[in-house]
Amino acid sequence: MNIIIVFPSAFTDEQALAKAMQKLYNGIEDIDIEGNFILCEADNVVDLASELSRMFGVERVAIAKKVSSNFSELSASIVEAGSRIIIPGDRFYVKVIIPTPANVSYRSRDIEFACAGTLAAKLASMDALPAKTEAEARRVILTVVGKKFAYICVKIMRGPGGLIAGSKGIAMGSIHNCLSLISCLMTAKAGFDCTSIVLPYADDSDLEINAKLAELFAIRTGRKRQTIYATPVKVPAKGCPSSLLKEKIISKILIQCQNKIITFPLTTAAHPIWFIESIIQDAVFAGKVPIAPIISLSSELGYYAKEVGIDLRILAPNIAEGKLLKYSNAIESEARSAIKHMKKLELKVGPNYLHDIMDSVERFS
């Protein structure tokens, strides 16, 4: 019988994660916590494992085969499983996790050593040898020993890690470029539930681009419904980098929304320090709690963009603070206008989500 093993991330409480899993996914038939991992039974373990692998707070998800935890029987099962997945020339590593307190008389190292030796002898003709460490191995045969049974992992998927979405409260952000998408995703990973997002746009083309990013955010965070505050935003003047003017206007919009916790896509890789400081100060003076999850990231942003599936290009304008101050009145005026024309959309996330966003905005325009 196959089951699912969920490995929580380092700072995630197993009980809280198990409750969140049961709340979000109807496919779970039975759930149990053993040590610091969670066991799930379901009719369709493949689909459920795929869903759980996108859940924040999850480090890894494995589809595993339930076998006897008796030393000799488990050893035979591990060797059988390893024989099927190890290919010629592989360097393999047998890893056995036994939670404390354990209900077995053997230690992890005992069974790891026994299975590795048996596999090496059995696969000698394939030039498959045991690796000295897990890091050196090309193939890892992972087994978890539970209270009554053992579980040999046949497929392991990496999860997003982080904290359970919503465990730290609700935050509001804006999705208007690639940086803002990464910022909102990192905010969700930090344990905040971004139930509502602002979707600014300059024209129809800009709306479509940002709507695609909003759709990607909903998919990556596993949202079933999304509240979107769509609003037209115009950059008031030329002569100052439009990216900074637009960011400043959007920050003013966010600060005037009801949410107390606000996430800003500010990073030293793309924004001057004085610019970051001005937005953080504006938020604090307004009684908000500003967070900037990507503020110190630089080259890592490219990695996150690739992981999400977007093309990231960062321009870092180097201008004096006084140049932006000339547009203060225009920025305030445009922010007020954007809020006045803001439309609230309550949308269900589905296969036509992008078109639903576009159609809804056009209907309210």
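Mentor: Let's begin with strand E4 (residues 58-68) and strand E8 (residues 149-161), which pair in the antiparallel sense over 10 bridges. Two strands count as paired if DSSP finds at least two bridges between them. The labels come from DSSP runs numbered from the N terminus: helices are H or I with at least four residues, strands are E with at least two. Keep in mind that this is a predicted model, so local features need pLDDT of at least 70 and side-chain atom pairs count only at pLDDT 80 or more, while totals for chains, interfaces and linings use all residues. Residues are numbered from 1 along each chain as its sequence is written, and side-chain values use heavy atoms, with hydrogens and water left out.

Trainee: Which residue stands opposite Phe149 in E8?

Mentor: That's Ser68. E8 also has E7 as an antiparallel partner, joined by three bridges. E7 and E8 make a hairpin, with three residues between them.

Trainee: And how do side chains point along a strand?

Mentor: In a regular strand they alternate between the two faces of the sheet.

Trainee: Is Thr227 buried or exposed?

Mentor: Buried, with a relative accessible area of 12%. The cut-offs are under 20% for buried, over 50% for exposed and partly exposed in between, using a 1.4 Å probe and protein chains only. Contact means heavy atoms within 4.5 Å. Leaving aside neighbours within four places in sequence, Thr227 touches Thr195, Ser196, Ile197, Lys344, Leu345 and Glu346.

Trainee: What about helices? How do I check one?

Mentor: Compare its span with the expected one, which is 1.5 Å times one less than its number of residues. Helix H11 (residues 328-340) has 13 residues and should span 18 Å; its end C-alpha atoms are 19 Å apart, which agrees.

Trainee: Which residues of H11 are buried?

Mentor: Ile331, Glu334, Ala335 and Ala338. Seen down the axis of H11, the buried residues fall within an arc of 105° (taken from the directions from the helix axis to the C-beta atoms), so they line one face of the helix. They pack against strand E11 (225-232), H7 and helix H10 (321-325). On the face turned away from the buried side, H11 carries the exposed residues Asn329 and Lys340.

Trainee: How many salt bridges does a search of the whole structure find?

Mentor: It finds 15. To count, a side-chain nitrogen of Lys or Arg must be within 4 Å of a carboxyl oxygen of Asp or Glu. One of them joins Arg138 and Asp90, at 3.6 Å from N to O. Arg138 lies in the loop between strand E6 (129-130) and strand E7 (139-145), and Asp90 in the loop between helix H3 (71-85) and strand E5 (91-97), so the pair ties together parts that are 48 residues apart in sequence. Arg138 is exposed at 58%, whereas Asp90 is buried at 0%.

Trainee: Where do Lys246 and Asp206 lie?

Mentor: First, the bridge itself: their closest N and O atoms are 3.4 Å apart. Lys246 is in helix H7 (residues 242-255) and Asp206 in helix H6 (residues 204-220), so this pair ties together parts 40 residues apart in sequence. Lys246 is buried at 19%, and Asp206 is buried at 14%. Salt bridges can also form a network, like the one linking Lys248, Lys252, Asp282 and Glu332.
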